[in-house]
Amino acid sequence: MDRLDREILGILQQDARISYRDLGVRVGLSANATADRVRRMRRDGVIRAFTVVVDPAADTAGGLVVFIDLTLRQDTTNEEFERQVAKLPGITEVVHVTGQYDYLVRARAADPAALDGLLRRLKLEAGVAQSSTRIALRAATRAAPR
């Protein structure tokens, strides 16, 4: 994947129904060249479905996709944590869960140093007492095309 492929994916993630003509105008390609790139990315499994579900491993320049299990400090409320975590960059999903941890966070970090910075900010700014982090290596399942 090159810069244009990543740009096309970004636009499709915002509006998967955009026409090839309009998409091509936005990235500086003809409608046919844009359609060829989209078809190639679908054939290669980069775009998994019409809803544009992108395999995290397909764009290695996008950084790490991580899952972080979090336990809050006793003096931190759920509402305060949720307000603070919404301000942090790279976090794509926050789920209140049952079990050993209080929350499961899905995030993207450019590299291990950026992940370290995110974890430090979660503890300093969002009231996290404990965390356990897993890095996504690849997606084991694919969404069925619609």
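Biologist: Before we start, what should I keep in mind about a predicted model?

Modeller: Local features need pLDDT of at least 70 and side-chain atom pairs count only at pLDDT 80 or more, while totals for chains, interfaces and linings use all residues. Residues are numbered from 1 along each chain as its sequence is written, and side-chain values use heavy atoms, with hydrogens and water left out.

Biologist: How do I read a pair of helices, say α1 and α3?

Modeller: Two packed helices are described by the angle between their axes and the distance between the axes. Axes are lines fitted to C-alpha atoms, for helices over the stretch in contact, with angles from 0 to 180 degrees between N-to-C directions. Helices are DSSP runs (H or I, at least four residues), strands likewise (E, at least two), numbered from the N terminus. Here the axes of α1 (residues 3-14) and α3 (residues 31-43) come within 11 Å and cross at roughly 85°. The two are therefore roughly perpendicular (65 to 115 degrees).

Biologist: Which residues of α1 and α3 meet?

Modeller: Leu-4, Asp-5, Ile-8, Leu-9 and Leu-12 of α1 meet Thr-34, Arg-37, Val-38, Arg-40 and Met-41 of α3; contact means heavy atoms within 4.5 Å.

Biologist: And where do α2 and α3 stand?

Modeller: Their axes come within 8 Å and cross at roughly 95°, which makes α2 roughly perpendicular to α3. Tyr-20, Arg-21, Leu-23, Gly-24 and Val-27 of α2 make the contact with Ala-31, Thr-34, Ala-35 and Val-38 of α3.

Biologist: Which residues of α2 are buried, and which are exposed?

Modeller: Buried means under 20% relative accessible area, exposed over 50%, and partly exposed in between (1.4 Å probe, protein chains only). In α2 (residues 20-27), Leu-23, Gly-24 and Val-27 are buried. Seen down the axis, they fall within an arc of 100°, so they line one face of the helix; the arc is that of the directions from the helix axis to the C-beta atoms. These buried residues pack against α1 and α3. On the other side, Arg-21, Val-25 and Arg-26 are exposed. Just after α2, Gly-28 takes a positive phi of about 80°.

Biologist: What about the largest nonpolar core?

Modeller: A nonpolar core is a set of buried Ala, Val, Leu, Ile, Met, Phe, Trp, Tyr and Cys residues joined through side-chain atoms within 4.5 Å. The largest has 18 residues, with Ile-68, Leu-70, Phe-81, Ile-91, Leu-118 and Leu-122 having the most contacts inside it. β1 (64-72), α4 (78-85), β3 (103-109) and α5 (112-125) each give two or more residues to this core. A second, separate core of 12 residues includes Ile-18, Leu-23, Val-38 and Met-41.

Key. Parallel < 35°, antiparallel > 145°, perpendicular 65-115°, else oblique.
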